[in-house]
Amino acid sequence: MDKVAFLFPGQGAQVVGMGKDLYDAYPRARDVFQRAGDQVDFDLAALCFEGPDEKLQMTQYSQPCILATSVAFLEVARNETKLQSVKPVACAGLSLGEYTALVFAGALRFEDAVRLVYRRGQAMAAAGEKQKGSMLSVIGLTEAQID
């Protein structure tokens, strides 16, 4: 492998049970979930592992949960797999995933990122309450098909 880049997922990647296998198997993952949970006012690990799904889908909760799960995967991959010797040339993220990329690159402390995305999610939820809307990704359709 000459050049490797990492791309981190954004909101919408959340699913009840995410990260539970890592949490159960690796102390490093447990540490990540504990550190993330210390930054928010809800039981982050329980929400990731047990739901309820309706709450996990809410942006103010999904954002810190996805970040914590992504960083837990990174910590395990960097310390327990062959990826420990991989030096990426770039890292990026889809929307929320940008924060995981910043943590991975060392530009943002993990605890700061958790607090930041929790507040980001709260602000997005509040804005969504004021102005209802929705979003849709469209791939491979013509403008006429979309209309």
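Tutor: Rings of Phe, Tyr and Trp (its six-membered ring) pair if their centres lie within 6.5 Å. Planes under 30 degrees apart count as stacked, over 60 as edge-to-face, the rest as tilted. By this rule there are eight aromatic pairs. The model is predicted: local features need pLDDT of at least 70, side-chain atom pairs count only at pLDDT 80 or more, and totals for chains, interfaces and linings use all residues. Residues are numbered from 1 along each chain as its sequence is written, and side-chain values use heavy atoms, with hydrogens and water left out.

Student: What makes Phe-6 and Phe-8 a stacked pair?

Tutor: Their centres are 6.2 Å apart, and the cut-off is 6.5 Å.

Student: Why does Phe-6 count as buried?

Tutor: Buried means under 20% relative accessible area, exposed over 50%, partly exposed in between (1.4 Å probe, protein chains only). Phe-6 has 19% relative accessibility, so Phe-6 counts as buried. Phe-8, at 6%, is buried too.

Student: How do you know that the charged end of Lys-20 sits over the ring of Phe-49?

Tutor: The rule asks for NZ of Lys or CZ of Arg within 6 Å of the ring centre and within 35 degrees of the ring normal. The charged end of Lys-20 is 5.8 Å from the centre of the Phe-49 ring. Lys-55 lies over the face of Tyr-61, at 4.7 Å from the ring centre.
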